[in-house]
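Have the viewer open as you read.

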Amino acid sequence: MKQISLKIKKYSLFVVLCTLIGLMCALPVSAQQSTLPNGPARGTTEMGNTIRSATVPNIDINITQPTTGKQAAFSVQLLLLLTVLTLAPSLLILTTCFLRFSIVLDFIKRALSLQQVPPTSVLNGIAFFMTLFVMWPTFTQIYNKSFKPLSDGQISIDEAYKEAEAPMRIFMYSQMSEDTSYISLFMAMGKMEKPRTLADVPTHVLIPAYILHELTVAFKIGVLLYIPFIIIDMVVASILMSMGMMMLPPVQISMPFKLMLFVLVDGWGLLTQQLFNSVIK
């Protein structure tokens with residue numbers, strides 16, 4: 001009986017506490033309702049006169065047939081301009097020293113038997129900034145003599161093109177001054193007369209000749225880079241065969257020795273210096 005009476009007392013206390021908490025929560029609400037003379041506020045969904053709705057512009061594209069030759073020529077020029085803009089990265093790669101730098105850096109990566117380190121994006125970034133460093137005087141000359149006068153309205157587009165073409169032609173020709181065999185090859189295939197000066201070489205002949213020349217130089221440098229690392233591979237392979245460990249890949253053993261040799265001789269510094277010397281006479 002005592003246990004039952006204790007339970008009843010606990011239950012009655014719990015009921016009293018819940019009642020007090022309910023009254024405390026209800027008092028603020030009733031006080032707020034008493035302060036409102038007309039009851040709770042009611043909102044409206046109507047917009048005021050000072051609020052304007054968002055405006056959506058109307059886009060209209062009209063395609064008409066050209067009525068004059070000038071309009072047709074402008075359409076063709078616009079099409080050619082869009083085509084050149086899509087090919088702009090390729091033109092910058094093929095007409096600068098980026099081609100040589102990127103190929104040589106890829107050769108050194110393969111010669112060291114490295115698969116993932118450094119990534120290709122890192123090598124391309126190194127080649128890009130090295131190219132920017134080497135080509136900066138040429139780009140500055142193009143900006144000062146071509147782009148800036150054109151933006152100021154001092155020269156026309158044709159004159160700006162000629163002013164921008166001249167420094168690039170001089171740079172490409174300076175790289176091939178010691179070996180003009182590719183220029184003679186393309187001139188012969190085009191059945192043109194043998195050039196006497198740079199002015200006699202058309203741009204559409206100079207660019208492919210320069211590309212082949214850069215590929216040849218890059219492969220020559222790559223072969224020279226491969227020679228010491230091939231010797232290390234041959235020595236390691238002969239030692240493994242003499243020890244009877246023919247199932248062990250020689251590359252797995254020779255790669256640490258290649259890296260040690262490359263780091264000890266400051267390979268990155270020597271490679272960068274020789275690449276700059278090969279471009280800057």
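Predicted model: local features only at pLDDT ≥ 70, side-chain atom pairs only at ≥ 80, totals over all residues.

## Helix α9

The buried residues of α9 are Ser254, Lys258 and Phe262, where buried means under 20% relative accessible area with a 1.4 Å probe and protein chains only. They pack against α4 (98-111), α8 and α10 (267-279); contact here is heavy atoms within 4.5 Å.

α9 itself covers residues 250-264, and its 15 residues reach 21 Å from first C-alpha to last, close to the 21 Å expected at 1.5 Å a residue. That expected span is 1.5 Å times one less than the number of residues, and helices are DSSP runs (H or I, at least four residues) numbered from the N terminus. After α9 comes aspartate 266, with a positive phi near 55°.

## Ground rules

Residues are numbered from 1 along each chain as its sequence is written, and side-chain values use heavy atoms, leaving out hydrogens and water.

## Valine 235

Valine 235 sits in helix α8 (residues 203-242). Its relative accessibility is 42%, so valine 235 counts as partly exposed, the class between buried and exposed (over 50%).

## Confidence

The protein's average pLDDT (the predictor's confidence in each residue, from 0 to 100) is 76, and 73% of the residues score at least 70. Helix α1 (residues 2-35) has the lowest confidence, at a mean of 49, while α4 has the highest, at 88. Over residues 1-11 the pLDDT is below 50, and this stretch has zero contacts in the model beyond near neighbours in sequence.

Methods. Helix = DSSP H or I, 4+ residues; strand = E, 2+ residues; numbered from the N terminus.
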